[in-house]
Amino acid sequence: MGGSLGCHRSIPRDPSELGRKLSAACNFSDVLVKQQLQQQQQQEQDEDKQQQHQQQQQCLDINSCTEEELMTLPGVTRALARNIVQHRARIGGFRRVEDLALVSGFGAARLQLVKPEICVNGHTGGSPSSSSSSTSLSSSTPCNGVSADVSANFSNQNSSSKSSPTDSLPPGGPGQMASSRPKGVQQQERASHQGRPLMRVATWDLQRCSSDKANNPGVREVVCMTLLENDIKLLAVQDLADQEALNKFCAELNQPSLFNVRKWKGPRGVWKCAASEKPTAESSEGSEYSGFLWDSSAGIELKEAVVMDSAATNGNGNHGQPKLFLARFSIGSSELTLVNVHLKTLALPKEQNGRKHGSHRPKNHRLSTAVQDTLRGSKDVLVLGGFGLPPDSTELDGLKKEKLTALLPPSIYTNISTRSPQGTSALDNIWASRTMKKMYSGHCSVVREGLTNPWIPDNWSWGGVASEHCPVMAEFYLDVVAKEPLQNGSSVAVLERDDIMPKHER
């Protein structure tokens, strides 16, 4: 009875009171579970911090260690340790441990061997650092082909910057595009000379530049920033793989999406382009087009563009040579004729039935009589582009007979590569007529800085050049009158016809 009475007394008379007690018991149990989970998580975090602290004490920070400390790593000799220290000083410090593989003589295999023993600013190779996740600008992505001066300049310029570029990049390349740019020419100082307005005209062989190549953010940045930094207002372009490539550069210049183009503080201009509707050459790689890019806000207006079908012959009457792309521009009160040239050496004669056909030796290019007559019919003429030969070659005597003068001497090389940054040959040039020579300021140069980018492939690495040809630019005294351009897009229709322009006395 007593037991039954005791049990009876423990049961509350009000059923709602039983529900309240059960609810309170459940809440109390839930609080206990949460406290236990929080304690467990805190304990795990403390263990992770302690383990990370131990790893930081044990790993070797490759951004602060000496040559002797680097030599304690497996497989690292004194020469290799010296290469690491020099590379580190050149790029301003490693961003992550994986960048160590880009040091000359190190490689990916040795990186895997030493990776458990090294770190960058306390972060080991297995976990990316916070600076990496925020795309830090304190050091650029180290790539082959980026010069020491450019990398050091990039580090100095951005060491105080807290924000960083976060360009949206397609897959397949480096993790970021923290590219460096050289110090551009002061446009205010070069806009005029002795009170006379100056305009820069340039030529650039972009080497099989297709729409896909122009979509590469590295190539697009190199081309656009080279135009802006060097105050180039009119550019002749050679070796386009398709006609849409120039539109990519125009779109980036007019509506920038890349970080360095967006942050440009100088005049941007309003850019337009024109590409030949017909190919100007054919090769085993496909059709080749030529084109022009110009800043319409500088008062430059395209009047006419013509592809000349009778550009050059190979000695047998066949049009084996590339065709010329002529354009007439109105610049202020001046009218300028540009002849866009991309000449190549002819191929060897083919063999048929065991015999070589064609009695002529393969000749280097020369301008035909028809082109010389066309040049004779214009006044202010620039023949610019790739000639495949130095300006003192006898094959180019036709230009000299027309009183055209090469602005670059043969001693100045115009090609570039990551292995030969100073070039080895003089193939690109600008030839000026007598009247243009009178307007020539005396300044003609080859642009070599800022032509590489971490996002451009370089064989099996990154950091290549946009083209193996350098831009060649020259300054002329022209009456540049800024105009308000029409907002009708950047592409300009090109007139294609084979007739020759009216002749005038030069």
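**Two strands pair if DSSP finds at least two bridges between them, a criterion that strands E15 and E17 meet in this predicted model with five bridges.** Strand E15 (residues 381-386) and E17 run antiparallel to each other, and within this pairing Gly 385 stands opposite Asn 429 of E17. Strand E17 (residues 428-432) is also joined to E16, by two bridges and again in the antiparallel sense. Here Thr 405 has Ala 432 of E17 as its bridge partner, while Ala 406 stands opposite Trp 431 of E17.

**The open sheet that contains these strands has six members, in the order E10-E11-E12-E15-E17-E16, and its pairing is mixed.** Its edges are formed by strand E10 (300-308) and strand E16 (405-406), each of which has a single partner strand, so one side of each is left without a neighbour in the sheet. Strand E17 is largely enclosed by the rest of the structure, because five of its five residues are buried. Covering extends to both of its faces, with Asp 428, Ile 430 and Ala 432 buried on one side and Asn 429 and Trp 431 buried on the other.

**Strand E7 (residues 271-275) is mostly covered, with five of its five residues buried.** On one face of E7 the buried residues are Trp 271, Cys 273 and Ala 275, and on the other they are Lys 272 and Ala 274. Five bridges join E7 to strand E9 (residues 286-295) in an antiparallel arrangement, in which Cys 273 is placed opposite Leu 293 of E9.

**The largest nonpolar core holds 70 residues, among which Leu 234, Phe 249, Phe 329, Leu 382 and Phe 476 touch the most other members.** Helix H10 (residues 217-229) makes the greatest contribution to this core, supplying seven residues. Once neighbours within four places in sequence are set aside, Phe 476 is in contact with Pro 197, Leu 198, Met 199, Val 201, Leu 382, Leu 407, Met 436, Met 439, Tyr 440 and Ser 441.

**Helix H10 is largely enclosed by the rest of the structure, since 13 of its 13 residues are buried.** At 1.5 Å a residue, the helix should span 18 Å, and the 17 Å between its end C-alpha atoms agrees with that expectation. At the start of H10, a side-chain oxygen of Asn 216 comes to within 2.7 Å of the backbone nitrogen of Gly 218, and just after the helix Asp 231 adopts a positive phi of about 55°.

**Ser 210 lies in the loop between strand E5 (196-209) and helix H9 (211-215).** Because buried means under 20% relative accessible area, Ser 210, at 18% relative accessibility, counts as buried. Apart from its neighbours within four places in sequence, Ser 210 is in contact with Ala 241, Asp 242 and Ala 245.

**The mean pLDDT of the protein is 75, and 63% of its residues reach 70 or more.** Over residues 346-365 the pLDDT stays under 50, although the model does contain 30 contacts beyond four places in sequence for this stretch. Residues 484-489 also have a pLDDT below 50, and five contacts beyond near neighbours in sequence are present there in the model. Where pLDDT is low, the predicted coordinates should not be read in detail.

Note on methods:
Residues numbered from 1 in each chain as written. Predicted model: local features only at pLDDT ≥ 70, side-chain atom pairs only at ≥ 80, totals over all residues. Heavy atoms only, no water. Core = buried A, V, L, I, M, F, W, Y, C linked by side-chain atoms within 4.5 Å. Buried < 20%, exposed > 50% of the residue type's maximum accessible area, 1.4 Å probe, protein only. Helix = DSSP H or I, 4+ residues; strand = E, 2+ residues; numbered from the N terminus. Contact = heavy atoms within 4.5 Å. Expected span 1.5 Å × (residues − 1). Polar contact = N/O pair within 3.5 Å; in protein donor to acceptor, adjacent residues only side chain to side chain. pLDDT = per-residue confidence, 0-100.
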